[in-house]
Amino acid sequence: MARPSLEVADIFRRHGAAWRDANRGRVSLDQLKVMSAIESCRTAALGGHVARCEDCAHTVIAYNSCRNRHCPKCQGAAARAWMAAREAELLPVSYFHVVFTLPSAIGDIAYHNKAVIYGLLFSASAETMLTIAADPRHLGARIGLTSVLHSWGSAMTHHPHIHMIVAGGGVAKDGSRWVSCKPNFCLPVRVLSKLFRRLMLTKLAAAHAAGKLQFFGTHAHLAAARAFTAFLAALRKTRWFVYAKRPFAGPKAVLAYLSRYTHRVAISNRRLIALNERSVTFKVKDYRITGPGRYTTMTLDVGEFIRRFRHYGLFASSTRLQTMETVRKLLNLAPLAAEQTSETEPPQPLAHPCPCCGGRMLIIETFEAGRQPRHQPATPVVVIRIDTS
């Protein structure tokens, strides 16, 4: 795969030191480690190996990857590996994409209470789906779902919301059969939104009563119980939106979509357009607009771009494999093969053939982090940008 003309690593290497110096004391150790990993990824700082074609003697240098979950380069390979591992788990049923979004007022206080409110968002959205699906008036079944948290929008502004992938049906309460959803219909979104609003506000009130929330600046007055109660009361009168998309075009489309979200970072390298001494320009998407006009560009000050660069993870169920086996039996499908882990397999650092003649590339040297290889190509160096860790 060709290297993008501009990468997040280029921005960090060029402006990271100045940004860290300007924000000294306000940057966490974890954030510093992430920046350092991205700056060093696939450079001599992490070591690597030299490979030579056994037929034409073409020589390349391949540098190791940082494998940091925030790194745009590494997450592409991780997404592909995850997608391959999950492929066998897909069911021959329709799938739905459901989005739960917090109102901006709650998003504002979530900025200083990420762990608490993000956790409530996960639990309230999942409880909403499971409760309505179990109701005999709707589906009357136990459904399976995968939830992924996004805390930013296309412009890397704070915008917490849950992306949820839901199979188009579930297991009957007595476990005897598979209950399918109606064609092109998952669950009623207005019913979902009302329950989601009630659950989320109830959980917020309980968190406030337990002293788990902190308030600063213009929200400092919400620390008082009466003020927070009034704050929640106003939100009970507004409509909360739950959006359910039509079924994807088959299980493989679902899998590809999931891989992009489960291993997504704040911004991918392919969205970067230009960098100079003061600003970064990148592609953005305005979801409020339909048609080609929704795609535009944004230019930010370098410091603001680095500040917005963030990534958060996802939840996974420990009972996933057992549940999947039950579902596959009800659908008369073959059982899943034992799950493979990358740790049990030897690494395959150079799977690509020689770019000149198609011959086999053999590793002739490995070099440690911070060192340069002894073998240097007689022709200009070709750097292989693959995950070699």
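**A proline in a loop**

Mentor: With a relative accessibility of 12%, P377 counts as buried (under 20% relative accessible area; exposed is over 50%, partly exposed in between, with a 1.4 Å probe and protein chains only). The model is predicted, with local features needing pLDDT of at least 70 and side-chain atom pairs pLDDT 80 or more, while totals for chains, interfaces and linings use all residues. Residues are numbered from 1 along each chain as its sequence is written, and side-chain values use heavy atoms, leaving out hydrogens and water.

P377 is placed in the loop that runs between β11 (361-367) and β12 (383-384); strands (E, at least two residues) and helices (H or I, at least four) are DSSP runs numbered from the N terminus. Once residues up to four places away in sequence are set aside, P377 touches T59 and I61, a contact being heavy atoms within 4.5 Å. A57 lies 320 residues from P377 in sequence, yet the C-alpha atoms of A57 and P377 are 9.2 Å apart in space.

The chain as a whole has a related pattern. Of its contacts between residues at least 6 apart in sequence, 71% join residues at least 24 apart. The chain contains 10 helices and 12 strands, and 44% of its 389 residues are buried.

Another buried residue is S279, which counts as such at 15% relative accessibility. S279 belongs to strand β9, spanning residues 279-285. Apart from neighbours within four places in sequence, S279 is in contact with A274, T299, L300, D301 and V302.

Among the helices, α1 (residues 8-22) packs with α2 (residues 29-40) at an angle of about 140°, their axes being 9 Å apart. On the α1 side the contact is made by V8, A9, F12, R13, G16, W19 and R20, and on the α2 side by L32, M35, I38 and E39.

Over residues 385-389, pLDDT stays under 50, although the model has 21 contacts for them beyond four places in sequence. Residues 311-318 also stay under 50, with 20 such contacts beyond four places in sequence. Where pLDDT is low, predicted coordinates should not be read in detail.

Key: pLDDT is the predictor's confidence in each residue, from 0 to 100. Axes are lines fitted to C-alpha atoms, for helices over the stretch in contact, and angles run from 0 to 180 degrees between N-to-C directions.
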